[in-house]
Amino acid sequence: MSDVVTEAVAALNAKMDGAGFDGSAKFIIEDEGSIIIDANGARAGDDDTDVSLTASTDTFKAILDGELNPTTAFMTGKLAVDGDMGQAMKLSGVLS
């Protein structure tokens with residue numbers, strides 16, 4: 001597992017403050033790996049999920065740091081979404 005994924009898992013779990021996510025989502029960080037977010041929180045993994053979101057390391061970090069709105073990232077083509085768009089919108093609330 002890459003350092004980027006390890007740091008992102010820790011940051012996501014802190015951001016969610018022990019609350020799980022109603023559904024399942026996978027963040028695919030290009031050239032680094034993927035993170036699963038579900039009712040148990042965030043962890044490294046590559047399971048099948050309701051929605052997959054793909055972004056570069058820089059884009060993912062900017063979203064996680066609050067410097068880039070996930071919806072803006074999607075609308076500008078920096079974040080690709082595959083699957084249940086409703087779950088992606090719920091996840092946006094978790095990340096904000």
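## Close-up views of a predicted model

**View 1. Helix α1 on the sheet.** α1 lies across β1, β2 and β3, and runs at about 175° to β3. Contact here means heavy atoms within 4.5 Å. Angles run from 0 to 180 degrees between N-to-C directions, with axes fitted as lines to C-alpha atoms, for helices over the stretch in contact. Helices (H or I, at least four residues) and strands (E, at least two) are DSSP runs, numbered from the N terminus. This is a predicted model, in which local features need pLDDT of at least 70 and side-chain atom pairs count only at pLDDT 80 or more, while totals for chains, interfaces and linings use all residues. Residues are numbered from 1 along each chain as its sequence is written, and side-chain values use heavy atoms, with hydrogens and water left out.

**View 2. The five-strand sheet.** The sheet is open, with its five strands in the order β3-β2-β1-β4-β5 and mixed pairing. Two strands pair if DSSP finds at least two bridges between them. β3 and β5 (79–83) stand at the edges with a single partner strand each, so one side of each has no neighbour in the sheet. From one strand to the next, the twist averages 20°. Strands of a sheet pair through backbone hydrogen bonds, either parallel or antiparallel.

View 3. Five bridges join β1 to β2, and the two strands run antiparallel. A25 stands opposite I37 in β2. F27 stands opposite I35 in β2. Three residues lie between the strands of this hairpin. D31 sits in that loop, between β1 (25–29) and β2 (33–38). Its phi is near 65°, a positive value in a residue other than glycine. Is D31 buried or exposed? D31 is exposed, with a relative accessible area of 81%. Buried means under 20% relative accessible area, exposed over 50%, and partly exposed in between (1.4 Å probe, protein chains only).

**View 4. From β2 to β3.** Strand β3 (residues 41–44) runs antiparallel to β2, and four bridges join them. A hairpin links the two strands through two residues. D38 stands opposite G41 in β3. I35 stands opposite A44 in β3. Five of the six residues of β2 are buried, so the strand is largely enclosed by the rest of the structure.

**View 5. Helix α1 against helix α2.** Helix α1 (residues 3–16) packs on helix α2 (residues 57–64) at an angle of about 20°, with the axes 11 Å apart. That makes α1 roughly parallel to α2. Angles under 35 degrees count as roughly parallel, over 145 as roughly antiparallel, 65 to 115 as roughly perpendicular and the rest as oblique. V4, A8, A11, L12 and K15 in α1 meet T57, F60 and L64 in α2. By class, this contact has six nonpolar residues, one polar and one charged. Ala, Val, Leu, Ile, Met, Phe, Trp, Tyr, Cys and Pro count as nonpolar, Asp, Glu, Lys and Arg as charged, and the others, Gly among them, as polar.

**View 6. Helix α2 and its end.** How many of the eight residues of α2 are buried? Six are, and the helix is mostly covered. The buried residues are T57, T59, F60, A62, I63 and L64. Just after α2, G66 takes a positive phi of about 80°.

**View 7. T72 in helix α3.** T72 belongs to helix α3 (residues 70–75). T72 is partly exposed, with a relative accessible area of 38%. The C-alpha atoms of T72 and S34 are separated by 21 Å, and the two residues are 38 residues apart along the chain.
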